[in-house]
Amino acid sequence: KDSLRDQVASVLSRMPSKLSRALEGFFLEDTPQAAMAKEEGVGVGVIKTRVLRGKKEFRKIIKQQGLS
C-alpha cells in the first residue's frame with residue numbers, strides 16, 4: 001500500500017498547479033501566507049482563496065479515488 005506521503009503527492013499532482021502550490025506551501029512547508037503572496041506576486045487574500053479552493057479540490061479528488 002502506498003504511504004501517506006505518496007498518496008498526498010498523487011492527489012496534489014492531479015490538482016491545478018496554483019492550488020497545489022498553495023497547499024504545499026501552507027501545509028507541507030509551513031510557509032507564511034504573506035511570503036507565498038510575495039513570491040507569487042499576488043495579495044494575501046489570493047493565497048487564502050487558493051488554500052481554501054485547494055482544500056476543497058483535494059477532498060474531491062480523495063473521494064473520487066476512494067481514499068477517504
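Predicted model: local features only at pLDDT ≥ 70, side-chain atom pairs only at ≥ 80, totals over all residues.

**Entry 1: the largest pocket**

The lining residues I found are Lys18, Arg21, Ala22, Glu24, Gly25, Glu29, Thr31, Met36, Glu39, Glu40, Ile47 and Arg50. I noted the volume of this pocket as about 180 Å³.

Which helix gives the largest share of the lining? I found that H2 does, with five residues. Helices H2, H3 (33–40) and H4 each put at least two residues into the lining. I then sorted the lining by class and got seven charged, three nonpolar and two polar residues.

**Entry 2: the chain as a whole**

Next I stepped back to the overall fold. I counted four helices and zero strands in the protein chain. Read from the N terminus, the order of elements is α-α-α-α. The C-alpha trace spans about 40 × 20 × 15 Å along its principal axes.

I also looked up burial: of the 68 residues in the chain, 28% are buried. For contacts with a separation of 6 or more, I noted that 54% join residues 24 or more positions apart.

**Entry 3: H2 against H4**

For H2 (residues 17–28) and H4 (residues 44–65), I read off axes that come within 8 Å and cross at roughly 100°. That crossing angle falls in the 65 to 115 degree range, so I wrote down H2 as roughly perpendicular to H4.

Which residues meet here? On the H2 side I listed Lys18, Leu19, Ala22, Leu23, Phe26 and Phe27. On the H4 side I listed Arg50, Val51, Arg53, Gly54, Lys55, Glu57 and Phe58. By class, this contact holds seven nonpolar, five charged and one polar residue. Going back to my first entry, I saw that Lys18, Ala22 and Arg50 are among the pocket-lining residues too.

**Entry 4: the loop between H2 and H3**

I found Glu29 in the loop between H2 and H3. Is Glu29 buried or exposed? Its relative accessible area is 56%, so I logged Glu29 as exposed.

I marked Asp30 as exposed because its relative accessible area is 65%. In general, most residues other than glycine have a negative phi.

**Entry 5: Val42**

I located Val42 in the loop between H3 and H4. With 27% relative accessibility, Val42 counts as partly exposed. Leaving out residues up to four places away in sequence, I found that Val42 touches Ala37, Ile47 and Arg50. I also checked Val42 against Glu29: the two are 13 residues apart along the chain, and their C-alpha atoms are separated by 19 Å.

**Entry 6: Val11**

My last stop was Val11 in helix H1 (residues 4–13). Val11 has 1% relative accessibility, so I logged Val11 as buried. How far apart in space are Val11 and Lys60? I read 9.7 Å from C-alpha to C-alpha, for two residues that are 49 apart in sequence.

Terms used
Residues numbered from 1 in each chain as written. Heavy atoms only, no water. Axes fitted to C-alpha atoms, helices over the stretch in contact; angles between N-to-C directions. Parallel < 35°, antiparallel > 145°, perpendicular 65-115°, else oblique. Contact = heavy atoms within 4.5 Å. Nonpolar A, V, L, I, M, F, W, Y, C, P; charged D, E, K, R; others polar. 1 Å grid on protein atoms, 1.4 Å probe; cavity = no way out; pocket = protein on both sides within 12 Å on 5 of 7 lines; lining within 4 Å. Points joined across faces, edges and corners; volume = space filled by probe spheres on them. Buried < 20%, exposed > 50% of the residue type's maximum accessible area, 1.4 Å probe, protein only.
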